[in-house]
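Here are a few friendly notes to read alongside the structure. Please have the viewer open as you go through the points.

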Protein chains: 4
Amino acid sequence: MLRVAIAGATGYTGAELIRLLVQHPNVKIVSVTSEQSSGEPLVARLPSLNRFSDLILEKFDTDRVAENADFIFSALSHTKAMKPVAHWMNAGKKVIDLSADYRLQSAKVYEKWYSAPHQEPALLKKAVYGLPEIYRKKIAKASLIANPGCYPTGTLLPLYPFLKLGVVDTTREIIIDAKSGVSGAGRSPNTTTHFPEVNEGLVAYNVGTHRHIPEIEQEISAFEAKIIFTPYLLPVNRGILTTIYLPLKRKMTQDQLEEILDEYNSEFFIRLVDHPPNLRDVRGSNFCDLAVFATAGGRTAILISAIDNLVKGASGQAIHNMNIMMGWDETMGLTAPPFFP
Amino acid sequence: MLRVAIAGATGYTGAELIRLLVQHPNVKIVSVTSEQSSGEPLVARLPSLNRFSDLILEKFDTDRVAENADFIFSALSHTKAMKPVAHWMNAGKKVIDLSADYRLQSAKVYEKWYSAPHQEPALLKKAVYGLPEIYRKKIAKASLIANPGCYPTGTLLPLYPFLKLGVVDTTREIIIDAKSGVSGAGRSPNTTTHFPEVNEGLVAYNVGTHRHIPEIEQEISAFEAKIIFTPYLLPVNRGILTTIYLPLKRKMTQDQLEEILDEYNSEFFIRLVDHPPNLRDVRGSNFCDLAVFATAGGRTAILISAIDNLVKGASGQAIHNMNIMMGWDETMGLTAPPFFP
Amino acid sequence: MLRVAIAGATGYTGAELIRLLVQHPNVKIVSVTSEQSSGEPLVARLPSLNRFSDLILEKFDTDRVAENADFIFSALSHTKAMKPVAHWMNAGKKVIDLSADYRLQSAKVYEKWYSAPHQEPALLKKAVYGLPEIYRKKIAKASLIANPGCYPTGTLLPLYPFLKLGVVDTTREIIIDAKSGVSGAGRSPNTTTHFPEVNEGLVAYNVGTHRHIPEIEQEISAFEAKIIFTPYLLPVNRGILTTIYLPLKRKMTQDQLEEILDEYNSEFFIRLVDHPPNLRDVRGSNFCDLAVFATAGGRTAILISAIDNLVKGASGQAIHNMNIMMGWDETMGLTAPPFFP
Amino acid sequence: MLRVAIAGATGYTGAELIRLLVQHPNVKIVSVTSEQSSGEPLVARLPSLNRFSDLILEKFDTDRVAENADFIFSALSHTKAMKPVAHWMNAGKKVIDLSADYRLQSAKVYEKWYSAPHQEPALLKKAVYGLPEIYRKKIAKASLIANPGCYPTGTLLPLYPFLKLGVVDTTREIIIDAKSGVSGAGRSPNTTTHFPEVNEGLVAYNVGTHRHIPEIEQEISAFEAKIIFTPYLLPVNRGILTTIYLPLKRKMTQDQLEEILDEYNSEFFIRLVDHPPNLRDVRGSNFCDLAVFATAGGRTAILISAIDNLVKGASGQAIHNMNIMMGWDETMGLTAPPFFP
């Protein structure tokens, strides 16, 4: 059994890691940390996990985590993961960082968007961006995975096949309209996520300024494509529905478009569907439901992806990455069906 | 007091007409009809209106409605309003039709999208499209108003100022991404709108085939602009949030874009805001909250509008039209603040 | 026009006071205060009120509020209202306090439940408990109203007629099972009211220890009845549905029970219904929908009331009280229908 | 591998059976039937199950189901299961009926509450009521299980230990106040479960007349206790929160009450908690979270249970029963943690 630690265990991505890992046949969780609740049993903060863990939340201690575990999931917040991750790397551990700290290859870009200098710029080159369907081979050899953001996951998976083939018209912007459930905002309460403020509402936020923009731009930079990105706060617990309006160099038919997505035919976690994907059909699972629609004019395609932001957009993808790093079956621990209704 | 009838009173637009009209100082509701519940008190089907109406639901009878009322709101379904509306026009009544039956000026286009021939094509020319901010003068003289669809309302109000000024690049499509609450689907139950199927989900529908497409196209046809339109079913009761990605002929700054919207400065029901509009802030009101955002590239603008689909997108706009037709203060009966939280 | 101030204007009860008062024909709001947002326009914190108020939020200052206004609504938090209310009373103002500070006639009981000594015990005697259907006459003469809590309102209105008549079996407990929407917890964010924690859940809280227990007990103390009170956090924005299992001295039939409630026949804001009341039918209104059901055994009656916690349970009831204090029509400003769907 | 059929596979309990059974190590689903969608792939009606089943929905045929399978779950509606179940019993199959058809031991009581004569009264005696924690031994030997209703499950589990011990005061009624998510109403759309009618509402229904009353009464009949039962429609997808006000013969302390529940100490699926159970903590799981609270007076106890109506209240309990009937580990296929948030 692989001895695993989770730093930052009581946030939503931490909690989701635990929900999934307790069902993983090759893993044993040996250490869970929490800034605010150390000393309490894990289930005091996550009563749903009663029966599944007797662990006590530890005060976060970089060394102690390293002593206990061979594989570390860091669900610490942005800027707080940098140093500990470097420490664990030096100690020879395998690490998956679910924060943004190792996603941007340029320390300069990082500093601009996260308002803090990167303290471990040398390590940035060793981090592999953990999008398995795209970077599977690199992930297999990596010791440090920068686990992708939720919006980038729902955006990049649909985009890649089209960009790679060179069918995208890069003189026009790719428009990304992405609607996210509230768990994407984390578990710390604030006015924006207070129930009566969110419920029965819908609102765009950070128009043109969201921190996932540089992450998407970096990953498609080889293709010289430009994006416009609009995220929304959606009154549901989980899920990101991403609609991409993709400019095409030439008119394409429905069949031609579908043929391009067929590249994903053998990917277990990508389900190509012929109807608009619905958040409810991926809830709780690591699936990305994906569809493409030709338009009347033919020069723009509509791509729609649905993921669970906490699974495929965070913790499930992290486990997928772990499976690849460890040489295990990729779907291990991730084969429960979605949760409907 | 103007004697008013509502045909189709127990659907959501009918119910909303009543909620608003019982507060209107110049109006008396004299007749309410229902296909399925005739003979029952109105409040049996709409218990929220207890204390506000003693009316009994009548079996729908074109003549009887005309006898009782001088002004008729038709909230009948598409294809069922055509004949009665013509009858009432012949009887010299003023009519506002909330269905689509008189919205499309071409009987041919109507037949294509509604799968039924138009039975009163001659009357189509007399119908005025009831978007007050655009067609105020025509509305003032009209006897028959085709009350706009909810999606077209949320789309056309933001678009017009830009189209009129000629700043839109018509070689690229205008992209409209519009998310609607479930009341927009009407009050008849079906699997799509069954609570556990909608709740905690989000899904696009009728991609490229929604019936509001020809309505929007007709209204912008003078400008030779093309649209892509994607509607969504959103798990909230009320509201449409419409995001428009507007291609511009030349780069425009935030200031320049805002200046164009300033055209609406004196419109009571359009609130220009400098933050992304939120459905929760217009709930229950006839307001359209409207914002524009420049993008980094400058050649695309983002327009976002928020309306309550049942008010500004249906019954409130109908009352606004009535006020104009009757020469009354335009805001009469429509001055209650939105309903938050 | 009565010059009115609202202390604590940006919480939910403050916001609801403003939503209702801007429609009140005899009132002008002259002053709104906020601890955290002073200096900002009111609409910056409450964008739904855009068009309805140009007021700037003032730093709270007891004297200044008194200078500006003749009638003061205090929506300050518990323990923070005591002193200012006393000050305003001394300045000869009429005051309605929406906190609990003047609801409990005993300073001792107050201290026990609110963990703070009462600083103005002498004033407690002058405060009238503002339940208009019960204390109408006293309210008419009062200068200081202790506006009832939301749970006590939904509980006491159904209970009174039965207690007064002496049909309640006081050897058994009255069981009160009351489900409240999240706005009842106020506008300050915390983990309990964070969207993903509330949504799709239901949970009882403060079982046997809720602060509204002594308030209910005080009001029924004359009848020597005992209560068990269980409140719940319900994933809706507004509303309290209260179910009361009422022990009866003798078997009573449905007709006999209904006859007792008929006492409320002429109360505008109490709607006696013959079906289980639904939160959705009172939303946004000052109504209390009320029904009674006999049980098979006959010795227990089931009472169900539905109110909007922010209106009948707080701000609407406060305005009702103001209308009575000022000798105006009781329903003034409170005649808009509920908001459905 | 046990060959299993599911009759009525596209309703919510059918869908939930499939979601759970595809993860069960000893089972293979060989046949799924649907009245309305026969001939379609299962995943056309349940897209969330894409990747988990290639089955085609069959037209329901009693014989064919019996030919294919050795173990049959019937998720047919009430009155429609009677005949087929009898047929399968004659064919020597093991059957779990999730309808009410074999729950009531008296054909007379059945006819009264389901308005249809029971067509297989002789078989009623052979059916075992499938509440594993209570009837484990009988279930182990049974061929036909009447799977309990959702409300009875959430009610009987808390009640039994107290009734068995004889501490309940049977001169007073046991009051059961039970709030159910909308999936409990099934997947067939109707006005009551139409999204905008349910959302943001709460309403009691079938006060004193719900069909689960005789089922509860039968199971506690040995103890001569009387109940009052009030169910509610709650705007969440899943879950039943049941609050029971239990009359006690003598005053009991918190410790004494908890000691009685300790009987369940070794039951995996009953989690005794010291805080009010929350629906969100059992979502998607077969757990019943259970707490007891003493009251000030001491002569009434408050019991609160939380279950997922589709799992512990239906399909999960059915699988638990199957495990017992087959002599397998009771928790097989039911060990995934609840789904939070």
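1. Strands here (E, at least two residues) are DSSP runs, numbered from the N terminus. This is a predicted model, in which local features need pLDDT of at least 70, side-chain atom pairs count only at pLDDT 80 or more, and totals for chains, interfaces and linings use all residues. Residues are numbered from 1 along each chain as its sequence is written, chains are lettered from A and ligands numbered from 1 in the order in which they are written, and side-chain values use heavy atoms, leaving out hydrogens and water.

2. Strand E10 (residues 240-247) of chain B runs antiparallel to E13(B), joined by eight bridges. Two strands pair if DSSP finds at least two bridges between them.

3. E13(B) also has seven bridges to strand E12 (residues 288-294) of chain B, again antiparallel. Here B:Ala291 has B:Ile304 as its bridge partner. The two strands E12(B) and E13(B) form a hairpin with five residues between them, and B:Gly298 in the turn has a positive phi of about 85°.

4. How many residues of strand E13 (residues 300-307) of chain B are buried? Eight of its eight are buried (under 20% relative accessible area, with a 1.4 Å probe and protein chains only). In a regular strand, side chains alternate between the two faces of the sheet. In E13(B), B:Thr300, B:Ile302, B:Ile304 and B:Ala306 point one way, while B:Ala301, B:Leu303, B:Ser305 and B:Ile307 point the other way.

Notes
Buried means under 20% relative accessible area, exposed over 50%, partly exposed in between (1.4 Å probe, protein chains only). Helices (H or I, at least four residues) and strands (E, at least two) are DSSP runs, numbered from the N terminus.
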